[in-house]
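Subject: A structure for you to look at

Hello,

Here is the structure I promised to pass on. Please open it first, and then read my notes below alongside it.

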Amino acid sequence: MPLDSSMLKRTSKSRQYREYIRGPLPLKWFQRVSNISRTAGVVGLIIWRIAYQKKLWGHSNQRQISGAIKLTTQTCMKWGVCGNSKNTALRLMEKAGLIRLELKRGRSPVVQIIDAELGLD
């Protein structure tokens, strides 16, 4: 028996996800971070996710630097990134001018995203 559209169950709800990455995400920023390493790309996604989740990044075109983002090893482990890899990626991202990084011995690093879309072309 052929399937017709009247047989498909439709709901008025759109697909709902419990967890997601919110955007917009700046393409040039991610292109630059992905050229550093794959780990840096994943760490970049984690940072942007936290920034939007905790409302540390706004939609204003004038905003060039995010609020302070605490990046724990536990959070990165959920994405398959160990603590040493996280720290290496963060140092390389800082060197590339994509983030500001504050490291304190025995504490999680604090990161600020630098918006490459406004500062680069």
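Starting from the N terminus, the elements of the protein chain follow the order α-α-β-α-α-β-β-α. That gives five helices and three strands, where helices (H or I, at least four residues) and strands (E, at least two) are DSSP runs numbered from the N terminus.

Before the details, a word on the source. This is a predicted model, in which local features need pLDDT of at least 70 and side-chain atom pairs count only at pLDDT 80 or more, while totals for chains, interfaces and linings use all residues. Residues are numbered from 1 along each chain as its sequence is written, and side-chain values use heavy atoms, with hydrogens and water left out.

The chain as a whole

The protein chain has 121 residues, and 30% of them count as buried. Here buried means under 20% relative accessible area, exposed means over 50%, and partly exposed is in between, with a 1.4 Å probe and protein chains only. The accessible surface of the chain comes to about 8,800 Å², with 49% of that belonging to carbon and sulfur atoms; such areas come from the Shrake-Rupley method with a 1.4 Å probe, and for residues only the protein chains shown count as cover. Among contacts (heavy atoms within 4.5 Å) with a separation of 6 or more, 58% are between residues 24 or more positions apart.

Helix 1

Which residues of helix 1 are buried? They are W29, F30 and V33. Looking down the axis of helix 1, these buried residues fall within an arc of 90 degrees, so they line one face of the helix; the arc is that of the directions from the helix axis to the C-beta atoms. On the face turned away from the buried side, you will find the exposed residues L27 and N35.

Leaving aside residues up to four places away in sequence, V33 touches A40, G41, M93 and L98. V33 and A89 are 56 residues apart in sequence, yet their C-alpha atoms are 9.2 Å apart in space.

Salt bridges

The structure holds two salt bridges, each being a side-chain nitrogen of Lys or Arg within 4 Å of a carboxyl oxygen of Asp or Glu. One joins R49 and E19, with the closest N and O atoms 3.5 Å apart. This pair links distant parts of the chain, since R49 is in helix 2 and E19 is in the segment before helix 1, 30 residues apart. R49 is buried, at 16% relative accessible area, whereas E19 is exposed, at 63%. There is also a salt bridge between K104 and E102, at 3.6 Å from N to O. E102 is partly exposed, with a relative accessible area of 40%.

On the surface

I21, L25 and W79 make a nonpolar surface patch of about 230 Å². Patches are made of residues with over 30% relative accessible area and no salt bridge; like charges are joined within 9 Å, and nonpolar side chains (Val, Leu, Ile, Met, Phe, Trp, Tyr) within 5 Å. I21 sits in the segment before helix 1 (27-36) and is partly exposed, at 34%.

Finally, have a look at K55, in the loop between helix 2 (38-53) and strand 1 (69-70). K55 has a phi near 55 degrees, a positive value in a residue other than glycine. With 69% relative accessibility, K55 counts as exposed.

Happy viewing!
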